[in-house]
Amino acid sequence: MIIDLQSISRSPRHFNFEYQSDWWRKNEGAVQVQNLVQVQDLEGPLIAKISVSREGKNYLVIGRLTGKLRLVCDRCLETYTFSVNRDFRLSLWRSVPPESARDETELKKDELAVGFIAAEKIDLDDIIREQIYLSLPMKLLCKNGCAGLCARCGANQNMETCKCSGNSGHPAFLKLKELKTE
Ligand SMILES: [Zn+2]
Ligand SMILES: [Zn+2]
């Protein structure tokens with residue numbers, strides 16, 4: 001959804017969207033960094049409630065995202081469901097503020113995120129996509145203590161105990177053991 005900033009005044013304009021599950025894939029490729037994160041898709045609709053208002057030369061975007069994502073676990077590579085419940089405040093600035101405004105800027109930075117705009121239009125989809133990424137934990141795990149894949153045979157250790165786990169010692173030490181018992 002493209003918003004023309006010239007149509008935005010001090011009184012907030014409200015936008016409500018419901019993104020369907022194919023939205024994520026349709027827009028994939030818009031930003032390179034996406035390939036680094038293992039978001040497969042939305043699971044069911046994602047609800048976005050957003051307001052945009054003008055604050056002097058800048059714009060304030062306040063939003064709430066609710067929905068579910070399908071993620072790929074970093075350890076076992078299985079997909080799992082992750083709930084997104086994110087409130088955000090984003091201040092959009094036309095340019096880097098002058099030196100005199102820096103102190104005030106530092107204070108503001110603590111309480112809300114700052115983005116820069118180059119054009120008269122913004123794409124709310126891009127902002128929502130970025131906020132979804134920001135809602136993800138550093139490590140994507142299907143559950144606390146996911147056992148991951150066996151480094152030798154690739155078995156999912158959450159599901160099965162593979163034969164490798166019995167003698168997981170280093171092969172060289174195993175040889176020594178045999179010698180001792182002879
Ligand atoms: Zn896992
Ligand atoms: Zn194994």
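## Close-up views of a zinc site and its strands

**View 1. Cys-153 is partly exposed, with a relative accessible area of 46%.** Cys-164, in contrast, is buried at 18% relative accessibility. Here buried means under 20% relative accessible area, exposed over 50%, and partly exposed anything in between, using a 1.4 Å probe and the protein chains only. Please keep in mind that this is a predicted model: local features need pLDDT of at least 70 and side-chain atom pairs count only at pLDDT 80 or more, while totals for chains, interfaces and linings use all residues. Residues are numbered from 1 along each chain as its sequence is written, chains are lettered from A and ligands numbered from 1 in the order in which they are written, and side-chain values use heavy atoms, with hydrogens and water left out.

**View 2. Four cysteines hold the zinc ion (ligand 2).** The SG atoms of Cys-150, Cys-153, Cys-162 and Cys-164 lie 2.2 to 2.4 Å from the zinc ion. Donors are N, O and S atoms within 2.8 Å of the metal (3.2 Å for Na, K and Ca); water is not among the atoms, so sites may look incomplete. For four tetrahedral donors the ideal angle is 109.5 degrees. Along the sequence, the donor residues follow the spacing C-x2-C-x8-C-x1-C. Cys-153 and Cys-164, 11 residues apart, both sit in the loop between helix 3 (124-135) and helix 4 (171-181).

**View 3. Strand 5 (residues 58-72) and strand 6 (residues 79-93) form an antiparallel pair.** The two are joined by 14 bridges, and two strands pair if DSSP finds at least two bridges between them. Look for Leu-60, which stands opposite Ser-91 of strand 6. In the hairpin, 6 residues separate the strands, and Leu-77 adopts a positive phi near 65°.

**View 4. Strand 6 also pairs with strand 7 (residues 113-116), in the parallel sense.** This pairing runs over 4 bridges, and Leu-90 has Ala-113 in strand 7 as its bridge partner.

**View 5. The whole protein has 4 helices and 8 strands.** Helices (H or I, at least four residues) and strands (E, at least two) are DSSP runs, numbered from the N terminus. From that end, the order is β-β-α-β-β-β-β-α-β-β-α-α. Of the 182 residues, 34% count as buried.
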